Amino acid sequence: SYYKVTLGKQIDEKYLKDLLVQFGYVKTSMISEPGDYSVRGGIIDIFTSGNNGAVRLDLFGDVVDRLRTIDPRTQLTKSDLGNFELLPISEVIINKTTVTNFRKNYRKLFGIGGSSDTLYSAVSNGVKVQGVEQWLPLFYDKLETFFDYLPSGTLIAFDCLISESLSERRNLIEDYYSS
């Protein structure tokens, strides 16, 4: 899921702000790290998770008048953009569906949640708490890995020394069972 922002195009500012919260961004007075966003009048700064890094939208009414990357330390413009895609900052997107899934699955595992359970209460109120990603399976019906997109039987080596590691492991196993 993403939201495309294009120079010269109209945007729904309320929708964008709601989407930033759903995508896991946190409102701050000034952006300083990925996941921050800031609103000052017609200027919206977003420190994205994408290649653009920190982005500044200058709005004229509800139209994107200027769109540029900025240095989050100095807040100075780095380069102009024609568009960018706003991506989630977190694996957990907090919306009506994911909150409903979380509540249902949480109750299934731990019994009835309530106001005394801070995690259950926070998520029920649409608040993303630190470390909520560890509860990812409770938010979604099905999770995928990149292996789901590969043809069956594909071998992927992440270690340049995998052959040696496998050989050493095989030797250890053989030694254990031959004694």
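Here is a short chat about reading the sheet and the cores of this predicted model.

Me: Before we start, what should I know about the numbering and the cut-offs?
Reply: Residues count from 1 along each chain as its sequence is written. The model is predicted, so local features need pLDDT of at least 70 and side-chain atom pairs count only at pLDDT 80 or more, while totals for chains, interfaces and linings use all residues; side-chain values use heavy atoms, with hydrogens and water left out.

Me: In what order do the six strands of the open sheet run?
Reply: Strands of a sheet pair through backbone hydrogen bonds, either parallel or antiparallel. Strands here are DSSP E runs of at least two residues, and helices are H or I runs of at least four, both numbered from the N terminus. Two strands pair if DSSP finds at least two bridges between them. In this model the order is S2-S3-S4-S5-S6-S7, with mixed pairing.

Me: Which strands stand at the edges?
Reply: Those are S2 (26-27) and S7 (77-80); each has a single partner strand, so one side of each is left without a neighbour in the sheet. S7 pairs with S6 in the antiparallel sense over three bridges, and Asp 80 in S7 is the bridge partner of Arg 68.

Me: How many bridges join S5 to S6?
Reply: Six, and the two strands run antiparallel. Asp 58 stands opposite Arg 66 in S6. Their hairpin has two residues between the strands, and Gly 61 in the turn has a positive phi of about 70°. On to S4: five bridges join S4 to S5, again antiparallel, with Asp 45 opposite Arg 56 in S5. That hairpin has six residues between its strands, and Gly 53 takes a positive phi near 70°.

Me: Why is S5 largely enclosed by the rest of the structure?
Reply: Buried means under 20% relative accessible area, exposed over 50%, and partly exposed in between (1.4 Å probe, protein chains only). Six of the seven residues of S5 are buried, so the strand is largely enclosed.

Me: Which residues touch the most other members of the largest nonpolar core?
Reply: A nonpolar core is a set of buried Ala, Val, Leu, Ile, Met, Phe, Trp, Tyr and Cys residues joined through side-chain atoms within 4.5 Å. Of the 20 residues in this one, they are Leu 16, Ile 46, Leu 57, Leu 67, Phe 84 and Leu 86. Elements that each supply at least two residues include helix H1 (13-22), S4 (43-47) and S5 (54-60). A second, separate core has 12 residues, among them Val 92 and Phe 139.
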